[in-house]
Amino acid sequence: MQINNDTSKPCLVEARQGLSVLYQNRFLYSKYNPAANIERLVNSLEIKKDTLILCFSPILGYGLESLQKKIPSGCFMLAVEANPHLVELYNIKALPTDIGFLGPDRLKNIYNILTKKNQITDNGVRIPPPGSFKYCLRLDFSGAPALNQEEYQTIQHRAELAVSNFWKNRLTLVKMGRLYHRNIIRNLALVPSSYDVPAKQIDAPLLVLGAGPSADKTIEKLAALSQDFRKKLVVLAVDAVVPALLARKIKPDFVLALECQYAIQQAYATAHNSNLFLLADLTSRPSILHPDTSYPSTDKQRISAATSKNHSPGKNCTGGKTAFFSTEFASTRFFERLFQHNFIQQSLPPLGSVGITAMEMALLLRKDETVPVYVSGLDFSFSMERSHCKESFQTKNSFLKTNRLHSLGSYHCLQNTTTEKYQGKAGVVYSDQILSYYCRIFCDRFQYTTNAYDVGEMGLDLGIKRKSFVQVLDEITSMNKTDFDLDEVLQKNIHQTTFEEKNKRVLNFYSQEESMLKELREGLSTGNITKERILGILEETDYLYLHFPDGYKATLDISFLKRVRSEIDFFLKDIEIGKSMLNQVHR
């Protein structure tokens, strides 16, 4: 047997019945029969259809061929190696053509790889598109994963999350997908008059402020600060907390607008003429971004509202500026085309919670990791008395609905069957299945983030370091930072493309969409269109069917095409409104 004196590097050694690997003074396969254990494991498996099989560290390939012969239809084998030293022992080219391989350089992005279309593995194998898998199975093909359990567990967790989140997102898309896309099409008309998100431009400390009950104390402390001191701190607020801030005469530097439904308009009821800068998702409610793009009842009213001269062109409903970003809620051809036309400059992952997205946005805004980010109001829980901070529209609505039959408080939340008691930062709090799930996402994404601190005094533990607001003030005082000037930041960040050029690009995009939709409508009505052309247009216009329960892929099924035909007119009307708005809106 060959002995390796350099324990930092793996090497092949001869075993009694084949080759083994010696690494860090450990055999990664049996030194008697290296293939026996994994072959025995493979033979004992019963694998379901549509399973993503994570083949962890199959260095010498033992068991891969046997597994490949056994798996049912719809399964995909993905060989995974996280150790760069062990990769040197792989003969990647010898892997079967339908087994993918991912090495250490790409494993940190495994979630994105599994949630996007047209992804290729390191050995050139195409990964099946999102929605191809319903299950995820981990198999350890050698002893290497035991040497770094935490890293392999993280890879497994992210892969499982990619599979499960697809189906969770499908439920959301079935309910909200049509509204998302209709809002995007209308909001494209506002892109030429918008600003770019000032990514990596903020050199001052950032405060991310959610609308949870813990925001109340933070708002009180902000209100007590002098105006000069306030200029040293950049406040990024979710839109639900805007009424509470304005009630204390605090103007946030940025407001994150994410919600697409009508209810969020209540958050801006007191924000008229407050001149807020909105960082808005393209799916956001159009009437927030432009006060005359709500949803009147008739087509004529829609066009008249969109072309009204009573609005302030290029301004949002508060009279302020807007910068667009996108949460890529689905991996679609439509999104690819929006990126190709540069309508989307910044993209964030679909995280479900406006608070988590606000944290993600703060990390995008800050210049580098030396800039601290403080968090408050992201509680992911509620108390007996309130689910949100004072002055929020949710709390005000709770007061309005109070009567002899409905008591004041969060009793509607407590009646949720998934609500449980949790030990929070300042005693017992209540949280339900959804909120506690968001908290786990926050912890998973940000627990290792440099210079991120929780200053909230209530709610669930966020998994990041905690600081008191007094400590924050002392730190900001000691920082040698100039006052934050938003206008100066925007001036540096203005894109070179002129308004006229952007306007022309959006108009051309509208015209192309309109042409495809009309061609498809005509072809489906008359039958004068080939099947290939139908599939070609459906691939480009996947917003027509993404919200169908079976809409994660296009088919030529008659019932599917009938439903597609009924959607076309809705989107043609939105394109018409968008084209009309382009003639009115300017910076």
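These legends accompany several close-up views of a predicted model.

In this model, local features need pLDDT of at least 70 and side-chain atom pairs count only at pLDDT 80 or more, while totals for chains, interfaces and linings use all residues. Residues are numbered from 1 along each chain as its sequence is written, and side-chain values use heavy atoms, leaving out hydrogens and water.

**View 1. The protein chain as a whole.** Let's start with the overall picture: the protein chain has 21 helices and 18 strands (DSSP runs numbered from the N terminus, with helices being H or I of at least four residues and strands E of at least two). Of its 587 residues, 51% count as buried (under 20% relative accessible area, with exposed over 50% and partly exposed in between, using a 1.4 Å probe and protein chains only).

**View 2. Helix α6 beside helix α12.** The axes of α6 (residues 149–187) and α12 (residues 333–340) come within 13 Å and cross at roughly 20°. Axes here are lines fitted to C-alpha atoms, for helices over the stretch in contact, with angles from 0 to 180 degrees between N-to-C directions. That makes α6 roughly parallel to α12 (angles under 35 degrees; over 145 is roughly antiparallel, 65 to 115 roughly perpendicular and the rest oblique).

**View 3. Residues where α6 meets α12.** Look for H181, I184 and I185 of α6 and F334, F335 and L338 of α12, which make the contact (heavy atoms within 4.5 Å).

**View 4. R440 in helix α16.** R440 is found in α16 (residues 433–446) and is exposed, with a relative accessible area of 51%.
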